[in-house]
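Please examine the structure shown here and work through the questions that accompany it.

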Amino acid sequence: MTNNNPGAEIAAAEMILASKRLVVFTGAGISTESGIPDFRGPGGIWTKFDPDDFTIQKFLRSEETRRKQWKILLEGGLLSSIKPNRAHLAIAELEEMGRLDCVITQNIDNLHQKAGNSPGRIFELHGNMQWVRCLDCGERYPVEHIREKLKNGVEVPECEICHGILKPDVVFFGETLPPEVLDAATAHSMRCDLFLVVGSSLVVHPAAFMPAYAKEAGARLIIVNIGETPYDSSADILIEGKAGDVMLGIVEKVREKL
Ligand code: APR
Ligand code: ZN
């Protein structure tokens, strides 16, 4: 069912009302309306930079890669005071209504926390940009501290204690995901009865296994995205549209029927 049939949002709202364990799974597409570029959509980060340049191995080996990575993070708005948009706020409202089991996100922008979802119900598979860690002595810095350095022209910030390499607390290509977060997200995906994807191309694993775990467990699958995903054929409801518009529409209908 796609969004050229306006009933799709009503059907999604009815599924949410009937569900006992709703897991919402988000990707970069939910944050583009907050001004953060996504990766594979039109104009996305990987249309400008080569992801192969951003493995953890290259980050450690080459200062040039570190310079580019910090530049992307600065330009991508991930270091600026970005705000949650209507889609994030709609998901926070689902928790307020007691309709949300958890949010599993691939995003590192802290916008689900800012929108009001409880941190204990947010699983950040790829880490979070709020802290930067020294890989040599372990010293941790709040990202605001590093943002100031970058804004003042420092291109590759170093540890102030040991001059070691500083790395944001996010998962780079080639790194393993935080095991306790991956285990929890897997368990919630396997136990849910409704899995709602918002703004992801669903091509990066192991994150993109989550909808498969949910389907295997008998859950129904709703996908809200602009563009195709490999799961479209197994979605119970497929809504092609902007996350902000669609999520607002769905949550309005949930609220009306409560
Ligand atoms: N509303 C709905 N969909 C949107 C919107 C929007 N406003 N803006 C973009 N999209 C869609 C894009 O068309 C794309 O299909 O969201 C999807 C985002 O896909 P990706 O850019 O691949 O982002 P994501 O799925 O989160 O990528 C997963 O890849 O590079 C790694 O670690 C990075 O976490 C990221 C992972
Ligand atoms: Zn150090």
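This is a predicted model: local features need pLDDT of at least 70, side-chain atom pairs count only at pLDDT 80 or more; totals for chains, interfaces and linings use all residues.

Residues are numbered from 1 along each chain as its sequence is written, chains are lettered from A and ligands numbered from 1 in the order in which they are written, and side-chain values use heavy atoms, with hydrogens and water left out.

Q: Which residues coordinate the zinc ion (ligand 2)?
A: Donors are N, O and S atoms within 2.8 Å of the metal (3.2 Å for Na, K and Ca); water is not among the atoms, so sites may look incomplete. The donor residues follow the spacing C-x2-C-x21-C-x2-C in sequence. At 2.2 to 2.3 Å, the zinc ion (ligand 2) is coordinated through SG atoms by Cys134, Cys137, Cys159 and Cys162.

Q: What is the geometry of the site of the zinc ion (ligand 2)?
A: Four donors count as tetrahedral if all angles lie between 85 and 135 degrees. The angles among the four donor atoms of the zinc ion (ligand 2) are 100 to 118°, and the site is tetrahedral.

Q: How many salt bridges does the rule find across the interface of domain 1 and domain 2?
A: The domain assignment, automatic or from a database, gives domain 1 (1-35 + 84-126 + 177-258) and domain 2 (37-78 + 129-170). The two domains bury about 740 Å² between them, 66% of it on carbon and sulfur atoms; buried area is the accessible area (1.4 Å probe) that two parts lose on being put together, summed over both. A salt bridge is a side-chain nitrogen of Lys or Arg within 4 Å of a carboxyl oxygen of Asp or Glu. Across this interface, the number of salt bridges is zero.

Q: Why is helix H4 (residues 86-96) largely enclosed by the rest of the structure?
A: Helices (H or I, at least four residues) are DSSP runs numbered from the N terminus, and buried means under 20% relative accessible area (1.4 Å probe, protein chains only). Helix H4 is largely enclosed because eight of its 11 residues are buried. These are Ala87, His88, Ala90, Ile91, Ala92, Glu93, Leu94 and Glu95.

Q: Which parts does the salt bridge of Glu9 and Lys253 tie together?
A: The side chains of Glu9 and Lys253 meet at 3.3 Å, N to O, and both residues are buried. The pair ties together parts 244 residues apart in sequence, because Glu9 lies in helix H1 and Lys253 in helix H9.

Note on methods. Four donors count as tetrahedral if all angles lie between 85 and 135 degrees; four count as square planar and six as octahedral if opposite donors are over 155 degrees apart and all others between 65 and 115; anything else is irregular. Buried means under 20% relative accessible area, exposed over 50%, partly exposed in between (1.4 Å probe, protein chains only). Helices (H or I, at least four residues) and strands (E, at least two) are DSSP runs, numbered from the N terminus.
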